[in-house]
Amino acid sequence: MATPLNLKELSKKEIRFTAGHRLCAGCAAPTVVKMILLAACDYPVIAASSTGCLEVSSCISTFTAWKIPWIHNAFENAAATLSGVQTMYKALKKQGKIDKDIKFIAICGDGGTYDIGFQSLSGAMERGHDMLYVCYDNGAYMNTGIQRSGATPTYADTTTCPAGAVIPGKPQQRKDLTRIMAVHGLPYVAQASPSHWPDLMKKVRKAIETPGPKFINIFTPCNRGWRSRTDDAIMLSRLAVETCFWPLYEVENGVTRVTVKPKEKKPIIDFLKAQGRFKHLFEPGREKMIEQIQDIIDKNWERLLKEEEMTLPKEEGNK
């Protein structure tokens with residue numbers, strides 16, 4: 001029987017990602033990892049992480065924060081590595097050499113997911129490996145110097161697209177990777193946020209109990225790269241949801257469900273003003289840029305609601 005998703009019961013479970021790692025104070029990544037592993041607490045788990053903040057800070061020489069079998073591989077091949085391990089497990093189980101129901105979870109940053117590792121991720125998902133791939137999305141290559149990535153939002157200031165008089169930060173829109181993974185035809189795809197922990201953990205549990213390839217994109221603030229306060233990770237995560245910058249939804253067997261709908265959709269300016277990477281947008285004469293960002297978010301939100309309306313069964317939509 002699965003462990004109930006309530007604090008009292010979860011508090012009795014072992015924390016499988018320990019303290020003592022070297023991630024920055026206030027980093028949301030260890031919080032996200034703890035939630036993922038707690039959601040999977042009823043199963044033995046084998047995890048893999050590509051090179052990135054989480055990897056370099058959680059396993060230093062002979063010291064590790066992982067209390068599960070965990071594999072570090074190159075920047076570009078976490079999905080390929082874990083799909084190979086899952087295939088080996090499948091063969092050993094068929095031979096009767098393993099009888100445990102083991103779950104396989106890749107946990108990688110956006111640089112190793114949206115960009116460098118996208119080819120191996122797409123391949124593993126297309127081949128149908130029974131594994132969950134989780135991206136902890138902090139919106140840049142934080143580990144190597146805060147360079148822009150495919151996940152970096154429009155007009156964010158990074159070291160490779162610095163805000164100046166000519167170019168006001170990253171000029172391109174961020175890649176919508178969650179939708180890209182959904183069109184792979186996976187049985188389960190979702191977006192989650194640590195500010196809404198029951199929603200996040202329910203999605204992880206649903207994913208690991210669904211056979212086949214799954215993908216979850218989790219919002220993961222980085223105070224160092226975003227130039228925000230060290231205690232703002234959950235506040236920023238909540239604002240991302242309430243402004244619909246990061247809508248919480250799932251696509252299950254082609255059916256889209258928005259799992260959290262803000263009672264009052266807040267303006268994106270509330271999310272932007274708490275981050276130094278958007279400080280330049282509040283200079284005189286750049287008001288149109290904030291309006292442009294708001295317009296992008298509004299259109300994406302409207303499209304998501306329409307997609308839900310079109311795919312949700314009528315009896316469920318009428319509830």
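Trainee: Are Y89 and F104 buried or exposed?

Mentor: In this predicted model, both Y89 and F104 are buried. That word is used for residues under 20% relative accessible area.

Trainee: What makes Y89 and F104 an aromatic pair, and why is the pair called tilted?

Mentor: The centres of the Y89 and F104 rings are 5.2 Å apart, and rings pair if their centres lie within 6.5 Å. The angle between the two planes is 55°. Under 30 degrees would count as stacked and over 60 as edge-to-face, and the rest are tilted, so Y89 and F104 form a tilted pair.

Trainee: Which parts of the chain does the pair of Y89 and F104 tie together?

Mentor: Y89 belongs to helix α4 (residues 78–94) and F104 to strand β5 (residues 103–109). The two residues are 15 apart in sequence, so the pair ties those parts together.

Trainee: Why is the pair of F219 and W246 called tilted?

Mentor: The planes of F219 and W246 meet at 45°, which falls in neither the stacked range, under 30 degrees, nor the edge-to-face range, over 60. Their ring centres are 5.3 Å apart, and the limit for a pair is 6.5 Å. Therefore F219 and W246 are a pair, and a tilted one.

Trainee: How do you know that F219 and W246 count as buried?

Mentor: F219 has 3% relative accessibility and W246 has 1%. Buried means under 20%, so F219 counts as buried, and so does W246.

Trainee: How many aromatic pairs are there, and which residues form one aromatic cluster?

Mentor: The count comes to 11 aromatic pairs. F219, W226, F245, W246 and F271 form one aromatic cluster.

Trainee: What makes K103 a charge over the ring of Y43?

Mentor: The charged end of K103 is 4.7 Å from the centre of the Y43 ring and sits over that ring. The distance limit is 6 Å, and the charge must also be within 35 degrees of the ring normal. K175 lies over the face of F118 too, at 5.8 Å from the ring centre.

Trainee: What makes R227 and D157 a salt bridge?

Mentor: The closest N and O atoms of R227 and D157 are 3.0 Å apart. The definition asks for a side-chain nitrogen of Lys or Arg within 4 Å of a carboxyl oxygen of Asp or Glu, so R227 and D157 form a salt bridge. The structure holds 24 salt bridges.

Trainee: Why is R227 called partly exposed, and D157 buried?

Mentor: R227 has a relative accessible area of 40%. Partly exposed is the class between buried, under 20%, and exposed, over 50%, so R227 is partly exposed. D157, with 18%, is buried.

Trainee: How do you know that K266 and E242 meet in a salt bridge?

Mentor: The N to O distance between the side chains of K266 and E242 is 3.0 Å, and the limit is 4 Å. K266 lies in the loop between β10 (255–260) and α11 (269–272), and E242 in helix α10, so the pair ties together parts that are 24 residues apart in sequence. K266, with a relative accessible area of 31%, is partly exposed. E242, at 21% relative accessibility, also counts as partly exposed.

Trainee: Why is K299 called exposed, and what class does D295 fall into?

Mentor: K299 has a relative accessible area of 52%, and exposed means over 50%, so K299 is exposed. D295, at 36%, counts as partly exposed. K299 and D295 form a salt bridge, with their closest N and O atoms 3.2 Å apart. Both lie in helix α12 (residues 287–311), four residues apart, about one turn of the helix.

Trainee: Which residues do salt bridges join into one network?

Mentor: D176, R179, R303 and E307 are joined by salt bridges that share partners.

Trainee: What makes a space in the structure a cavity?

Mentor: A 1.4 Å probe fits there but cannot get out. Two cavities of 30 Å³ or more are present. Among the residues lining the second largest cavity are F219, W226, F245 and W246.

Note on methods
Residues numbered from 1 in each chain as written. Predicted model: local features only at pLDDT ≥ 70, side-chain atom pairs only at ≥ 80, totals over all residues. Heavy atoms only, no water. 1 Å grid on protein atoms, 1.4 Å probe; cavity = no way out; pocket = protein on both sides within 12 Å on 5 of 7 lines; lining within 4 Å. Points joined across faces, edges and corners; volume = space filled by probe spheres on them. Phe/Tyr/Trp six-rings, centres within 6.5 Å; stacked < 30°, edge-to-face > 60°. Buried < 20%, exposed > 50% of the residue type's maximum accessible area, 1.4 Å probe, protein only.
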